[in-house]
Amino acid sequence: MKYSNYSIEDFVSDESFLSFYLKKETKDMRFWEAWIKEHPEKQYEIDAAKELVDLLALKLPEQKFIQEREKIKSHINYEQILKTDEETSENKSVFRTPRKSYFNLIKVAASIGLFMGVAAILYTYWNAIELGFSQEKKLAEISYIEKVNPKGQKSAFFLKDGSKVTLNSESSIKFSENFGENEREIILDGEAFFEVAKDSLRPFIVKTQSLATTALGTSFNIEAYKKDSLYRISLVSGKVTVQNIQLNQQPIVLIPGVGVYYNKVQQDLSIEKFNTREVLSWKDGTIYFKDATLDEILKKLERWYGMEFEVYNRKKKENKYTGEFYRESLENVLKSLGFAKNFNYKIEKRKVTIHFVH
Amino acid sequence: MDSSVWNLLRASNKKAFINIYDAYYSDLYRYGLKLSKDCIQQIFMELWDKRSKLPEVSQVKSYLLKYLKRKIFKELSSKKKYVQDLTISEHLDEASYEDLLITKQQSHEIHNRLQRAISQLSARQMQIIMLKFYEGMSYDEIAEITHLQHRTVYNQLHRAVKELRKSMFIKDPFNLLCVSILVIIFSVF
């Protein structure tokens, strides 16, 4: 094929290549995406050609464009269509190289943050539904991968770019099949700890409803259960920005040790120093309570153990509770709590009944 | 991109909407550069909100550009800014396009290399480059405007891009060193 002998300037002068890179015609986009994957030996020329076109066409840098695009997508409530596929993503071969700036020979260092010694149980479960769509023009299909943890289950896994996600119970994350190629975007409902591999050309963005947390190479915890009204984002290392994309506010920059509380009802973000133990203990199997109300305790236990709680004879005035349990059984936790807060309990198959004693 | 996608948008097709966004964003962006970003967002949000009331359009790009011009103008006049910015002109001439290319570079080094590279080009080449990458025209369209043959336009563009490529890309320093050493050795003889 003539393209295999193409020089950088040949690509730049080629109308179909330009149509692909400037996203004009879907047929060109499809052709070139496939061709580029099949010809890794031309990656240098392709990348250099793209840089030259960026320069001449006065293009907005890709990551900025993606940020703008995300805002529009959330404005129209853009839900991606999921594909039915028994295949897992490991079976698909995806060619992807980090884009180097050839002008300055800047190398992008991808560093994998291996933080924990604890080996979590890898629990993957692919959730996909295929919806057919009929249109005159064949528009680009996007398929998503979703990882869901039910109550009582935690998991950890690596993403294609080397980033590590530790997912708490009753939590789910969703990301495109092409994650890592042009963008690194994750949609989270629940709680997860992220250790992000460095890639300054593709910011790592975690979306939790109206908030977008952007990181370049760092580790942070996000607690954002859709059912809850308070979200918490805590930065452990590196740097992230948090932004309310729905309100299009200025992003807040976090430094290690600093976190952000987001009140969903009032829609405001406040900056707070956080207690690392309190925020991260879930990862190594510790349930941590600090000045927790009974409701907070029960909610956490429900998620952690996957049980339903029923409470009888609650006291009018309840004291706050501080304590921690390292890899304890539900039985032991309830025993301690019951002793401290003065209640009896009964554990059944899916339910725990609590009776306060006055 | 043809008007069938536009009609899909009018029929509330979200994928079509995003496709239009992707296809025309860069055209809109370079019209006003920094000024455009917020205006472009507003335009697309309005476009979506009013999608069922949109007219039939044959040239999506010019429709969007006109929309953007109006928006930017409103934006600037409401802020009492004098519309002096050279980026807001309807059409750039080659000199302003050159200025834009060079001033957009943050790195001093690239700045210089680019300036040097551009100075090597002929006026004709500069014009063709601008028509292709700034105005986004096809070879046929450029041929019409410049009264040149399609083939000639292609060759001129290709030659110009090659010159730019040579000036812009530093080869591997190690390679460069080897080559320089060889050149020195050879020149001694």
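This is a predicted model: local features need pLDDT of at least 70, side-chain atom pairs count only at pLDDT 80 or more; totals for chains, interfaces and linings use all residues.
Residues are numbered from 1 along each chain as written, and chains are lettered from A in the order in which they are written. Local features need pLDDT of at least 70, side-chain atom pairs count only at pLDDT 80 or more, and totals for interfaces use all residues.

Let's start where the chains meet. Chain A brings 44 residues to the contact and chain B brings 53, contact meaning heavy atoms within 4.5 Å. Together the two chains bury about 4,700 Å², with 64% of it on carbon and sulfur atoms; buried area is the accessible area (1.4 Å probe) that two parts lose on being put together, summed over both.

Now look for charges. There are four salt bridges between chain A and chain B, each a side-chain nitrogen of Lys or Arg within 4 Å of a carboxyl oxygen of Asp or Glu. One of them joins A:R69 to B:D22, with the closest N and O atoms 2.5 Å apart.

Next, find two helices in chain B: α8, residues 139-146, and α9, residues 150-168. Helices here are DSSP runs (H or I, at least four residues), numbered from the N terminus. Their axes lie 9 Å apart, at an angle of about 105°, where axes are lines fitted to C-alpha atoms over the stretch in contact and angles run from 0 to 180 degrees between N-to-C directions. α8(B) is therefore roughly perpendicular to α9(B), a label for angles of 65 to 115 degrees. Among the residues making this contact are B:Y139 and B:I142 of α8(B) and B:V153 and B:L157 of α9(B).

Notes. Side-chain values use heavy atoms; hydrogens and water are left out. Angles under 35 degrees count as roughly parallel, over 145 as roughly antiparallel, 65 to 115 as roughly perpendicular and the rest as oblique.
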